[in-house]
Amino acid sequence: MRRRIIGKMYGVISSGKEARVYWAKSPKGEDLAVKIYLTSTSEFRKSIYQYILGDPRFEYIRKDTRELIYAWTRKEYKNLKRMYECGVRVPKPIFYMKNILVMEFIGENGVRAPLLKEVSLSDEEYIRIFNKVIEYIKILYRKAKLVHADLSEYNIMIFKGEPVLIDVSQAVLLDHPLAIEFLKRDIRNIVRYFRCELGLQVPSEEEIFKLVTSG
Ligand SMILES: Nc1ncnc2c1ncn2[C@@H]1O[C@H](COP(=O)(O)OP(=O)(O)OP(=O)(O)O)[C@@H](O)[C@H]1O
Ligand SMILES: [Mg+2]
């Protein structure tokens with residue numbers, strides 16, 4: 001018999017267009033986050049297909065079936081696992097089945113941690129977080145051979161003063177034909193947020209790109 005993963009489901013933490021995230025507890029009472037991809041919409045299938053195409057881990061996935069959503073869920077699980085094992089702070093992946101992903105809950109007592117977009121910190125704290133995020137981009141690139149591909153202030157949570165990268169279903173391997181383009185976009189998003197929105201002095205996109213990919 002399959003071991004029980006979820007003991008009790010609680011409320012919705014987030015209800016997006018593509019997925020819902022719930023707070024749940026394991027049979028032992030530990031907090032869990034359960035992300036459920038909503039199957040179907042054809043735009044969603046189209047938009048995610050480009051991240052699956054070119055990934056050797058996901059060849060031969062038919063475009064027009066719920067298979068694609070299952071592959072997408074499996075891809076997020078695998079990406080989380082690979083990132084976690086390389087030392088990048090992400091929610092620890094626990095289990096997946098079909099369109100359901102179970103992972104570590106980032107937050108306390110059913111209250112999720114805030115997103116980078118939602119916090120207000122001192123300049124020193126922000127710079128420390130910035131450096132950590134760049135370090136993670138570098139580990140992803142060098143060690144995990146992955147690019148997050150949707151990195152921004154909306155997909156980074158701040159938990160116990162530290163950044164936690166989330167929402168990694170679209171992350172691609174470096175052999176994906178658009179990997180470098182996605183990497184540049186991630187770096188641009190991060191630099192733009194810290195520089196333009198927070199007004200902090202951080203290195204340029206070019207400098208960071210060099211730092212990540214060489215030296
Ligand atoms: N492991 C987690 N622990 C706690 N909260 C989480 C966790 N993962 C995601 N969340 C919350 O759920 C929200 C949506 O998750 P995520 O970004 O992975 O999905 P999404 O498909 O991008 O949804 P959206 O379109 O709403 O951003 C996050 O912004 C965060 O608030
Ligand atoms: Mg998101």
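Me: Which domains does the domain assignment of the protein chain give?
Reply: The model is predicted; local features need pLDDT of at least 70, side-chain atom pairs count only at pLDDT 80 or more, and totals for chains, interfaces and linings use all residues. Residues are numbered from 1 along each chain as its sequence is written. Domain bounds here come from an automatic or database domain assignment. For the protein chain, that assignment gives domain 1 (8-108) and domain 2 (113-213).

Me: What distance separates the centres of domain 1 and domain 2?
Reply: The centres are taken over C-alpha atoms. On that basis, the separation of domain 1 and domain 2 is 20 Å.

Me: How many residues of domain 2 are in contact with domain 1?
Reply: Contact means heavy atoms within 4.5 Å. Domain 1 contributes 25 residues to the contact, and the number from domain 2 is 29.

Me: What area is buried between domain 1 and domain 2?
Reply: The size of an interface is often given as the accessible area lost when the parts come together. Buried area is the accessible area (1.4 Å probe) that two parts lose on being put together, summed over both. Carbon and sulfur atoms give 65% of the area between domain 1 and domain 2, and the total is about 2200 Å².

Me: Which three residues supply 26% of the area that domain 1 buries against domain 2?
Reply: No other three residues of domain 1 supply more of that area. The three are Tyr-51, Arg-89 and Ile-106.

Me: Which residue forms a salt bridge with Asp-167?
Reply: A salt bridge is a side-chain nitrogen of Lys or Arg within 4 Å of a carboxyl oxygen of Asp or Glu. Across the interface of domain 1 and domain 2 the rule finds one such pair. For Asp-167, the closest N and O atoms are 3.1 Å apart, and the partner is Lys-35.

Me: Which element gives the most residues to the side of domain 1 that touches domain 2?
Reply: Helices (H or I, at least four residues) and strands (E, at least two) are DSSP runs, numbered from the N terminus. Strand S3 (31-37), helix H1 (42-52), helix H2 (67-85) and strand S6 (107-108) each give two or more residues to this side. With seven residues, the element that gives the most is H2.

Me: Why does Asn-99 count as buried?
Reply: Asn-99 sits in the loop between strand S4 (93-97) and strand S5 (100-104). Buried means under 20% relative accessible area, exposed over 50%, and partly exposed in between (1.4 Å probe, protein chains only). Asn-99 counts as buried because its relative accessibility is 16%.

Me: Which residue's backbone oxygen does the side chain of Asn-99 reach at 2.7 Å?
Reply: Leaving aside neighbours within four places in sequence, Asn-99 is in contact with several residues, including Lys-35, Ile-69 and Thr-73. The backbone oxygen that the Asn-99 side chain reaches at 2.7 Å belongs to Tyr-37.

Me: Which residue meets Lys-81 in a salt bridge?
Reply: The two partners lie in helix H2, four residues apart, about one turn of the helix. The N to O distance is 3.3 Å, and the partner is Glu-85.

Me: Which residue forms a salt bridge with Glu-104?
Reply: Glu-104 lies in strand S5 and its partner in the loop between H2 and S4, so the pair ties together parts that are 15 residues apart in sequence. The closest N and O atoms are 3.0 Å apart, and the partner is Arg-89.

Methods. Chains lettered and ligands numbered in written order. Heavy atoms only, no water. Polar contact = N/O pair within 3.5 Å; in protein donor to acceptor, adjacent residues only side chain to side chain.
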